Amino acid sequence: VPHLRLYTYGPSPNCLKVRVLLAHLDLAYEQVETNIFGGDTLTGAYGAVNPARQTPVLEVDGEHLPQSNAILWYLADGTHYLPERPFERASVVRWLLFEQERVSEIAALRFRPQAGVLAPEDPAVEGLRSGAERALELLERHLESRIFLVGDVYSIADIANYGYVHVAPEAGMELDDRPAVRAWLERVEAQPGFVNDLVPLPADARVGRGLSIYG
Ligand SMILES: N[C@@H](CCC(=O)N[C@@H](CS)C(=O)NCC(=O)O)C(=O)O
């Protein structure tokens, strides 16, 4: 069994995605709590872990793998959290890319105005909001006739998208008129071994208040 170490930040849904899968798989791993507003990602040592200075990073016997969805793929391969059929594997990639391209607008909307990266009245906030609403609408349409994103089987496609979709209300996007998305979130949370240990964003998660790649 490889030795697993996860560089993780409690309030980050990107990190939560990996913690959820590790909990499902019941894998032993060492957590290195990495405070991205405490300067932990700005050290020389962290630059060797991930030159992009982001979390999460999975260390596998001394090798470093950044990017939450690459980590999900690595851990899920060979388990029932990643299907075997080529078409379904490709469909999982589709939803992992959708998450990074589209759902990440929810991430930006949750974080940037409150962190002072964007002023709340900045027109970019409206752009993010309409992008995030379109992503939620696409998910709603897809899930109207399905129980999970790919092949009606729970997979890392669901785990990846859960991360930021479940915090949409924190970004000011209520899910009241998205019944299929809400039912899917509940199905994800009901999976065996599911744990959501997301920590609320602390007050130092602000530009100028803490030390991070945002300044
Ligand atoms: N595409 C990357 C994004 C990673 C990312 O944005 N991580 C954030 C936390 S959610 C981070 O570490 N930011 C570093 C900083 O703010 O200094 C992934 O999915 O892992």
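1. Four strands make up an open sheet of mixed pairing, in the order 2-1-3-4, where strands are DSSP runs of E of at least two residues, helices are runs of H or I of at least four, both numbered from the N terminus, and two strands pair if DSSP finds at least two bridges between them. Strand 2 (30-33) and strand 4 (63-66) are the edge strands, each pairing on one side only, and the twist from one strand to the next averages 20 degrees. The model is predicted, with local features requiring pLDDT of at least 70 and side-chain atom pairs counted only at pLDDT 80 or more, while totals for chains, interfaces and linings use all residues. Residues are numbered from 1 along each chain as its sequence is written, and side-chain values use heavy atoms, leaving out hydrogens and water.

2. Strand 1 (residues 4-8) runs parallel to strand 2 and is joined to it by four bridges; Y7 has V32 of strand 2 as its bridge partner. Helix 1 (residues 13-25) packs on the sheet, touching strand 1 and strand 2, and its direction makes about 150 degrees with that of strand 1 (axes are lines fitted to C-alpha atoms, for helices over the stretch in contact, with angles from 0 to 180 degrees between N-to-C directions; contact means heavy atoms within 4.5 Å).

3. Helix 3 (residues 68-76) also packs on the sheet, where it touches strand 1, strand 3 (57-60) and strand 4, its direction making about 120 degrees with that of strand 4. The residues that cover its buried positions belong to elements including helix 4 (86-115) and helix 6 (156-165). After helix 3 comes G78, with a positive phi near 90 degrees.
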